[in-house]
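Welcome! Take a moment to turn the model around and follow the chain from one end to the other. Then read on.

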Amino acid sequence: MVRLSAREFERLVLKALDGLPPPIRQRMDNVDVVVEEWPSPDDLEEAGLDDRHDLFGLYSGIPLTERTHYDMALPDKITIFQRAIEAACATRADVVKEVRLTVIHEVAHHFGLSDAALDHTGYG
């Protein structure tokens, strides 16, 4: 298990977001990306999981592909769970890789890709 400071972990998340291709970044609309230590019981229920160690990230909102009347809506939310990722990683390099994969996975949900579709891309 690797432990990073909250600031260092948040920088990894920002770096992963900055590393997205510009057309993707430009199309991200009304979505906040936040870091939490662990998923809450509600987060686990939303994801259909029981163990907090199994949930690295969560997208909550209306994917771009499903938006019709979206005026005055609260932002969608991508949450990255720091301690769950750290607990699964043996090295700092593993954390960097997993943060990047998790950010890409959750951003893909914002664009309407399902878990099943992501399984075929290597980001599942």
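## How confident is the prediction?

What pLDDT does the protein chain average? The average is 89, and 87% of the residues score at least 70. Here pLDDT is the predictor's confidence in each residue, from 0 to 100. Confidence is highest in helix 4, at a mean of 98, and lowest in helix 6 (residues 115–119), at 59.

This is a predicted model, in which local features need pLDDT of at least 70 and side-chain atom pairs count only at pLDDT 80 or more, while totals for chains, interfaces and linings use all residues. Residues are numbered from 1 along each chain as its sequence is written, and side-chain values use heavy atoms, leaving out hydrogens and water.

## The overall layout

The protein chain has six helices and three strands. Both kinds of element are DSSP runs numbered from the N terminus: helices are H or I with at least four residues, and strands are E with at least two. Starting from the N terminus, the order is α-α-β-α-β-β-α-α-α.

Of the 124 residues in the protein chain, 37% are buried. Buried means under 20% relative accessible area, exposed means over 50%, and partly exposed is in between (1.4 Å probe, protein chains only). The protein chain exposes about 7600 Å², and carbon and sulfur atoms supply 51% of it. Such areas come from the Shrake-Rupley method with a 1.4 Å probe; for residues, only the protein chains shown count as cover.

Now for contacts, meaning heavy atoms within 4.5 Å. Among contacts in the protein chain with a separation of 6 or more, 65% are between residues 24 or more positions apart.

## The nonpolar core

In soluble globular proteins, nonpolar side chains tend to be buried together. A nonpolar core is a set of buried Ala, Val, Leu, Ile, Met, Phe, Trp, Tyr and Cys residues joined through side-chain atoms within 4.5 Å. The largest one here has 28 residues, and F9, I85, V95, V99, V103 and V107 touch the most other members. Two or more residues come from each of helix 1 (6–18), strand 2 (57–60), strand 3 (76–81), helix 4 (82–88) and helix 5 (92–110).

Leaving out residues up to four places away in sequence, F9 touches L4, V35, I80, Q82, I85, E86, V95 and V99.

A84 belongs to helix 4 and is buried, with a relative accessible area of 0%. Beyond its neighbours within four places in sequence, A84 is in contact with E37, W38, R52, H53, L55 and F56. A84 and H53 are 31 residues apart along the chain, yet their C-alpha atoms are separated by 4.8 Å.

Is E86 buried or exposed? E86, also found in helix 4, counts as buried at 0% relative accessibility. Setting aside residues up to four places away in sequence, E86 touches M1, V2, R3, L4, F9 and V95.

T102 is found in helix 5 and is buried, with a relative accessible area of 4%. With residues up to four places away in sequence not counted, T102 touches F56, G57, I80 and I85.

H109 lies in helix 5 too, and H109 is buried with a relative accessible area of 14%. H109 and P63 are 46 residues apart in sequence and 6.6 Å apart in space, C-alpha to C-alpha.
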